[in-house]
Amino acid sequence: MKINLLIDSDKVLNGYVNIDPLTKDGDDSKVKGEVHDLDAFVDNNEAEEIRAMDVLNYFAHVDSAAVMENWIKKLKHGGKLVVGAVDVFEVARDM
């Protein structure tokens, strides 16, 4: 199983379970669900890959470790976690 975590984004990926807590009714391209706790969607050690591009930006820094711990528990041995986030230092420098 491959999982793509989104927050109010249209960047769905084919071949992935696209999970977005802000999915609108009738949108069959995504599943509505919380991205900080994947227990409802995948068992521990089941996911081949979890992608979370810009999702960590929505969590307080103190909560990020617990969120990522939940994601890591879901990965099977040799699985891949792909995480991206906005670099605040880069944004501030470009202003």
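Trainee: Which residues line the largest pocket?

Mentor: Keep in mind that this is a predicted model. The lining is made up of Asn 4, Leu 5, Leu 6, Ile 7, Ser 9, Lys 11, Leu 13, Arg 51, Met 53, Asp 54, Val 55 and Tyr 58. The volume comes to about 220 Å³.

Trainee: What makes a residue such as Leu 5 count as lining?

Mentor: A lining residue has an atom within 4 Å of a pocket point. Leu 5 is on the list for the largest pocket, so Leu 5 meets that cut-off.

Trainee: How do the lining residues divide into nonpolar, polar and charged?

Mentor: Seven are nonpolar, two are polar and three are charged. Asp, Lys and Arg count as charged, so Lys 11, Arg 51 and Asp 54 from the lining go in that group.

Trainee: Now the strands. How do you know that E1 and E3 pair?

Mentor: Pairing takes at least two bridges. E1 and E3 have four bridges, in the parallel sense, so they count as paired. Among the partners across these strands, Lys 2 has Glu 49 in E3, and Leu 5 stands opposite Ala 52 in E3.

Trainee: What about E1 and E2, how many bridges join them?

Mentor: Three bridges join E1 to E2, and the two run parallel. The cut-off is at least two, so this is a pair as well. Leu 5 turns up again here, opposite Ile 19 in E2.

Trainee: And which strand pairs with E3 over six bridges?

Mentor: That would be strand E4 (residues 75-84), again in the parallel sense. In E4, Val 83 is the bridge partner of Ala 52, while Lys 80 is the bridge partner of Glu 49.

Trainee: Why are E2 and E4 called edge strands?

Mentor: The open sheet has four strands in the order E2-E1-E3-E4, with parallel pairing. E2 and E4 are the edge strands because each pairs on one side only. From one strand to the next, the twist averages 15°.

Trainee: What makes the β-α-β unit of E3, H1 and E4 right-handed?

Mentor: Picture the strands pointing away from you: a right-handed crossover goes clockwise from the first strand over the helix to the second. E3, helix H1 (residues 61-74) and E4 make a right-handed unit, so that is the path to look for in the picture.

Trainee: Why does Ala 66 count as exposed?

Mentor: Ala 66 lies in helix H1. Its relative accessibility is 53% and exposed means over 50%, so Ala 66 gets the label. From Ala 66 to Asp 37 it is 29 residues in sequence and 9.3 Å in space, C-alpha to C-alpha.

Trainee: Why is Asp 54 called partly exposed?

Mentor: Buried means under 20% and exposed over 50%. Asp 54 is at 34%, in between, so Asp 54 is partly exposed.

Trainee: What sort of phi does Asp 54 have?

Mentor: A positive one, about 65°, although Asp 54 is not a glycine. Most residues other than glycine have a negative phi. Asp 54 lies in the loop between E3 and H1. Asp 8 also has a positive phi, about 50°, and lies in the loop between E1 and strand E2 (17-19).

Conventions: Residues are numbered from 1 along each chain as its sequence is written. This is a predicted model: local features need pLDDT of at least 70, side-chain atom pairs count only at pLDDT 80 or more; totals for chains, interfaces and linings use all residues. Side-chain values use heavy atoms; hydrogens and water are left out. On a 1 Å grid over the protein atoms alone, a cavity is a set of points where a 1.4 Å probe fits but cannot get out, and a pocket is an open set with protein on both sides within 12 Å along at least five of seven lines; lining residues have an atom within 4 Å of a point. Grid points are joined across faces, edges and corners, and a volume is the space filled by probe spheres set on the points. Buried means under 20% relative accessible area, exposed over 50%, partly exposed in between (1.4 Å probe, protein chains only). Axes are lines fitted to C-alpha atoms, for helices over the stretch in contact, and angles run from 0 to 180 degrees between N-to-C directions.
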